[in-house]
Amino acid sequence: MIVSDPTVLTARHVEALLEFLQASGVDGFVDLDPVDRFAQSELDARRPPEPRPQMATMSPAAPMQRGPGNASPSPPMVLPSLSKPSQTPAPVPAAAAVIPGEEAVRAAHETARAAATLEDLRTRLAGFRGCNLHLTAKTLVFADGNPAARIMLVGEAPGAEEDAAGLPFVGRSGKLLDRMLAAIGQDRSSVYVTNVVPWRPPGNRTPTPQEIEICRPFIARQIELVDPDVLVLLGGASAKALTGANEAIRKMRGRWTDFETGRRRIRALTTFDPDYLLRSPLEKRLAWHDFLSLRQALAASA
């Protein structure tokens with residue numbers, strides 16, 4: 001008989017929460033009530049600067065009289081003026097969080113569209129500051145595999161192992177994906193693997209709709225530059241981001257759709273994410289049918 005111990009569950013929840021906070025950059029608690037720093041910084045930017053106080057030079061009203069034992073009067077006392085500017089400029093932070101919105105999405109479209117090659121896109125993406133995920137992620141996880149491949153696989157976002165390695169789908173999920181590809185005669189040298197979001201969300205949480213919207217122009221441009229014969233969308237988040245579908249993954253998987261690049265239509269197949277298959281191993285049988293469908297599509301278009 002298995003007995004559920006609530007203290008063990010509580011400890012796991014606390015451990016997961018601490019890991020999430022640490023990954024988010026939290027190193028201390030300063031207040032019990034949450035503060036909207038984005039709104040506060042926006043108000044501070046709109047508030048006119050206050051005039052700096054000035055202190056006049058002070059000196060005694062009359063010279064001190066000589067007294068017994070005093071050889072000369074004390075010199076007047078002068079306090080330094082506070083209006084003199086400091087010679088040392090205030091330090092400027094290397095990076096600051098931004099408020100995601102239409103301006104960030106517009107900047108993402110302009111930056112992605114200006115990239116002429118995959119290497120150019122990677123460089124521009126590394127310097128893009130419109131998505132706050134780059135502040136907490138260790139590395140930019142751009143892609144892995146062969147840029148000239150016929151198959152391009154797109155996942156949701158990197159996890160902790162991908163963030164440390166700088167490559168998509170490593171660790172247990174990556175090994176499972178490699179076995180799935182090997183079952184249809186493919187490997188990392190014959191496919192191109194990437195994610196919709198190139199930075200790891202703190203605590204491996206799901207990317208927000210705003211983060212996906214900001215990163216969407218980059219993955220769309222990446223697909224256009226790779227120009228594969230077939231897209232494989234790994235997971236519901238990837239499929240929703242690139243096809244606009246709004247259904248559960250079990251209804252979308254195994255379904256072929258079209259992805260429009262502006263120059264041509266690319267056939268796209270939705271299937272389960274390897275991380276999901278690790279949690280739900282019984283679904284591997286459905287993923288196997290999806291990969292058989294992929295193999296047939298490749299053979300038909302060869």
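Predicted model: local features only at pLDDT ≥ 70, side-chain atom pairs only at ≥ 80, totals over all residues.
1. The strands involved, β4 (residues 230-234) and β6 (residues 265-271), run parallel and are joined by five bridges.

2. Zooming out, the open sheet is made of six strands with mixed pairing, and the order reads β1-β3-β2-β4-β6-β5. The edges are β1 (143-145) and β5 (256-260); each has a single partner strand, so one side of each has no neighbour in the sheet. On average, neighbouring strands are turned by 25° against each other, ignoring direction.

3. Now for the helix. α12 lies across β2 (151-155), β4, β5 and β6, and it runs at about 160° to β6. Is D290 buried or exposed? Its relative accessibility is 2%, and because the cut-off for buried is under 20%, D290 counts as buried. Leaving aside residues up to four places away in sequence, D290 touches R253, G254, L269, T270 and T271.

4. Last, the second largest pocket, with about 670 Å³ of space. Its lining has 27 residues, and those nearest the centre are E156, D273, D275, Y276 and R279. Helices α6 (160-165), α7 (171-182), α9 (236-243) and α11 (274-279) each give at least two lining residues, with the largest share, four residues, coming from α11. By class, the lining splits into eleven nonpolar, eight polar and eight charged residues.

Terms used:
Residues numbered from 1 in each chain as written. Heavy atoms only, no water. Buried < 20%, exposed > 50% of the residue type's maximum accessible area, 1.4 Å probe, protein only. Contact = heavy atoms within 4.5 Å. Pairing = 2+ DSSP bridges. Axes fitted to C-alpha atoms, helices over the stretch in contact; angles between N-to-C directions. 1 Å grid on protein atoms, 1.4 Å probe; cavity = no way out; pocket = protein on both sides within 12 Å on 5 of 7 lines; lining within 4 Å. Points joined across faces, edges and corners; volume = space filled by probe spheres on them. Nonpolar A, V, L, I, M, F, W, Y, C, P; charged D, E, K, R; others polar.
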